[in-house]
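Hello,

Here is the structure I said I would pass on. My notes follow below it.

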Amino acid sequence: MKWRKIASLIKKDGVFYLTAVVSDIDKDYEAYDSGNERLLKKRLSKKSFESLVTKHNFEILQHNYRPGKQWMEIYAKKNI
């Protein structure tokens with residue numbers, strides 16, 4: 001993901017919405033997609049996913065984590 005490009009596209013008070021499938025266990029892992037053996041997917045844990053966002057100078061405003069559905073959504077704004 002191009003974090004600088006994303007930051008440049010967001011207006012001063014704009015909000016960045018990000019959603020992704022997360023790991024169904026408490027650690028990161030890579031696995032091939034069952035429908036396509038050539039597609040390698042990386043699954044991040046909830047903690048790693050949040051860390052990735054904050055590491056790239058975004059402040060998390062709200063996050064929703066659905067462990068049973070294995071997905072997460074984050075609303076964030078860029079730190080100035």
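Arg43 belongs to strand 3, which covers residues 36-43. The model is a predicted one, and in it Arg43 counts as buried because its relative accessibility is 19%, where buried means under 20%. Its contacts, leaving aside residues up to four places away in sequence, are Val21, Val22, Ser23, Lys27, Asp28 and Tyr29. Glu30 is 13 residues from Arg43 in sequence, and the C-alpha atoms of Arg43 and Glu30 are 6.0 Å apart.

Next, the charged pairs. How many salt bridges does a search of the whole structure find? The search finds one. Side chains of opposite charge can pair when their charged atoms come close. Here the partners are Lys46 and Glu50, with 3.5 Å between the closest N and O atoms; the cut-off for a salt bridge is 4 Å, so this pair falls within it. Both residues sit in helix 2 (residues 46-55), and the four residues that separate them amount to about one turn of the helix. Lys46 has a relative accessible area of 29% and is therefore partly exposed, whereas Glu50, at 17%, is buried.

As an example of the pairing, Asn64 has Glu73 of strand 5 as its bridge partner.

Last, the surface. Which residues form a nonpolar patch there? They are Val15, Tyr17, Leu61 and Tyr75, and together they have about 360 Å² of accessible area. Of these, Tyr17 lies in strand 1 (residues 16-21). Tyr17 is partly exposed because its relative accessibility is 40%, which is also over the 30% that a residue needs to be part of a patch.

That is what I have for now.

Regards

Definitions and conventions:
Residues numbered from 1 in each chain as written. Predicted model: local features only at pLDDT ≥ 70, side-chain atom pairs only at ≥ 80, totals over all residues. Heavy atoms only, no water. Patch = residues over 30% accessible without salt bridge, like charges linked within 9 Å, V, L, I, M, F, W, Y side chains within 5 Å. Areas by Shrake-Rupley, 256 points an atom, 1.4 Å probe, with all protein chains shown as cover. Salt bridge = Lys/Arg side-chain N within 4 Å of Asp/Glu carboxyl O. Helix = DSSP H or I, 4+ residues; strand = E, 2+ residues; numbered from the N terminus. Buried < 20%, exposed > 50% of the residue type's maximum accessible area, 1.4 Å probe, protein only. Pairing = 2+ DSSP bridges. Contact = heavy atoms within 4.5 Å.
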